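Here are a few notes to read alongside the structure. Please take the points in order and look up each residue as you come to it.

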Amino acid sequence: MMDLFLQTLANALIQSGTYALASSGLALAVGVLHIVNFAHGEFLMVGAFVAYWLSVLAGIDPIVSLVPAGAVMFAASGVIYQASIRRVLLAPELNALLLTFGIGITLQNLAVLVFGATPRVVHTAYQLTAVTLGPVSVGVAPLITLIVSVALLAGMYAVLYRTGVGKSIRAVAQNRTGAHLVGLDVDRIYLLTFGIASALAAIAGAMVLVRIGASPHMGFGFVLKAFAIIVMAGLGNLTGVLWASLVLATAEAFVRTYVPGGGGAAEAVFFLLIFFTLVWRSWRTA
Amino acid sequence: MLEVRGLEAGYGKVQVLWGLDLQVADGEFVALIGANGAGKTTLLRTISGLIRPTSGTIRFRGAEITGRRPAEIVAQGIAHVPEARELFPLMTVQDNLELGAFARPAAWARAAQTLTEVYRLFPRLSDRRLQIAATLSGGEQQMVAIARALMSRPEVLMVDEPSHGLSPLMVQAVFAALREVSQSGVSVLLIEQNVRQSLRLAGRAYVMENGRIVLQGTGRDLLESPHVKEAYLRL
Ligand SMILES: Nc1ncnc2c1ncn2[C@@H]1O[C@H](COP(=O)(O)OP(=O)(O)OP(=O)(O)O)[C@@H](O)[C@H]1O
Ligand SMILES: [Mg+2]
């Protein structure tokens, strides 16, 4: 009884790492550039496929591939930013929404066209091993993805709160005009932030590849949940993202374990959480 | 030092500045007064690169800086204290101030020294250096805005209506600080609705109406001018 409970908690913790990684990039783009990037899930998908092909063609371990996956998406998002995003930043929000939605759809269809729609999986030795801690057993692969997520999120916090670049990013997020007036290169900071956010998505993609697999449509589910998480966290609140990821993953894990036939219901939990968050907020402010 | 000639600028199709001429010499304290909507803020925003002019030139120390980006203008040594203060609301006073020196290497190298100087200028900020900017009073926020601009060790300081919304005591503190800044050799371009005080403070002054300069002279001359008395000093 207790064992099942602890195991469920462990599963939730692992999943929350991936959620936090996938959502913090989205939260960063919302908080700093004030755009909602609907292509974020497809950036995650691109990262998964980069890691997949590097594994198949070059035999590179998909965990190691988080570096090239992040680098590819960092560079690609730079091109996307210069060619399109920066042009809609000052336009009404709907423009950025439609633009990123279009980018997402395009990437998804390109992936279907080039890679086919069948899901892909990678095989590594450590996917078959698990570590046991008392009653709880956790696969080595998921455990590594959790460690990577925690390390990267800690790194992101260190950059944002301990470095000059991070301070500039926070300054731009808090007041764009003020940032201009102290002489910060706002456009370059937007470019850099969008790059970091996109790289985080791609790295999350590589982690999902290790745990589950890759497919052209994998981004959609993650972006929906990432939206739920940043809504729960409060738009642009990065610390809140960690808590919200934990809440969502825990709720899903418990529904999956304790609700009969809960596998399907777990996928709808994010929707309930958005609903209750919004209702609660409207009550509190009413 | 700062020389504006035939400047025209506005917002989209709405033209606000109509061939404006203005100069600030080295070390000079210049006041610019004018009614609401005359275009004073628009002028400062154009000089600091937030708005691109449609025609005219802005020169600084002989070099043309028209249409440059704000980062380049700040790097040249022109600092703008905006009407709306534009602080970083969730950061501490000290973080706000440090960011003022951040983008100008020469200023960044001396940031610690400048920080001591601005805290001496505004002792009130020194007591509140770890307070979050959004929780400061309006007057304290104005002080942070001025201090942040000074952190870039500018040669020209442009200040947009610093007395706006401040209690008389706070206005005195801010004006005293501006006088001290001016005496340290920094050129000051001050925009004010507080006409009597700013004309007393300024060596030279301009009167702006409908996007043009209509009158200029020494502060004393303008205080005596019938037009200024009639339009700006009537109680
Ligand atoms: N962002 C904007 N978009 C369109 N028009 C604007 C904008 N900002 C200012 N204006 C217009 O430009 C004109 C000049 O405004 P500006 O703010 O420069 O005047 P001001 O002299 O600073 O006035 P005040 O003393 O009230 O601050 C006004 O008619 C104003 O309506
Ligand atoms: Mg104004």
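In which sense do strand β1 and strand β4 of chain B pair, and over how many bridges?

1. Bear in mind first that this is a predicted model. Within chain B, strand β1, which covers residues 2-11, pairs with strand β4, which covers residues 55-60, in the antiparallel sense and over five bridges.

2. Arg59(B) has Glu64(B) in β5(B) as its bridge partner. The hairpin formed by β4(B) and β5(B) has two residues between the strands, and in this hairpin Arg61(B) takes a positive phi near 50 degrees.

3. For helix α10(A), residues 238-258, and helix α12(A), residues 269-285, the angle is about 130 degrees and the axes lie 9 Å apart. Angles over 145 degrees would count as roughly antiparallel and those from 65 to 115 as roughly perpendicular, and α10(A) and α12(A) are therefore oblique to each other. The crossing of α10(A) past α12(A) is right-handed.

4. Which residues of α10(A) meet α12(A)? They are Val247(A), Leu248(A), Ala251(A), Glu252(A) and Val255(A), and from α12(A) the residues they meet are Val269(A), Phe270(A) and Leu273(A).

Key: Residues numbered from 1 in each chain as written. Chains lettered and ligands numbered in written order. Predicted model: local features only at pLDDT ≥ 70, side-chain atom pairs only at ≥ 80, totals over all residues. Heavy atoms only, no water. Pairing = 2+ DSSP bridges. Helix = DSSP H or I, 4+ residues; strand = E, 2+ residues; numbered from the N terminus. Axes fitted to C-alpha atoms, helices over the stretch in contact; angles between N-to-C directions. Parallel < 35°, antiparallel > 145°, perpendicular 65-115°, else oblique. Left-handed = near helix turned anticlockwise from the far one by under 90°. Contact = heavy atoms within 4.5 Å.
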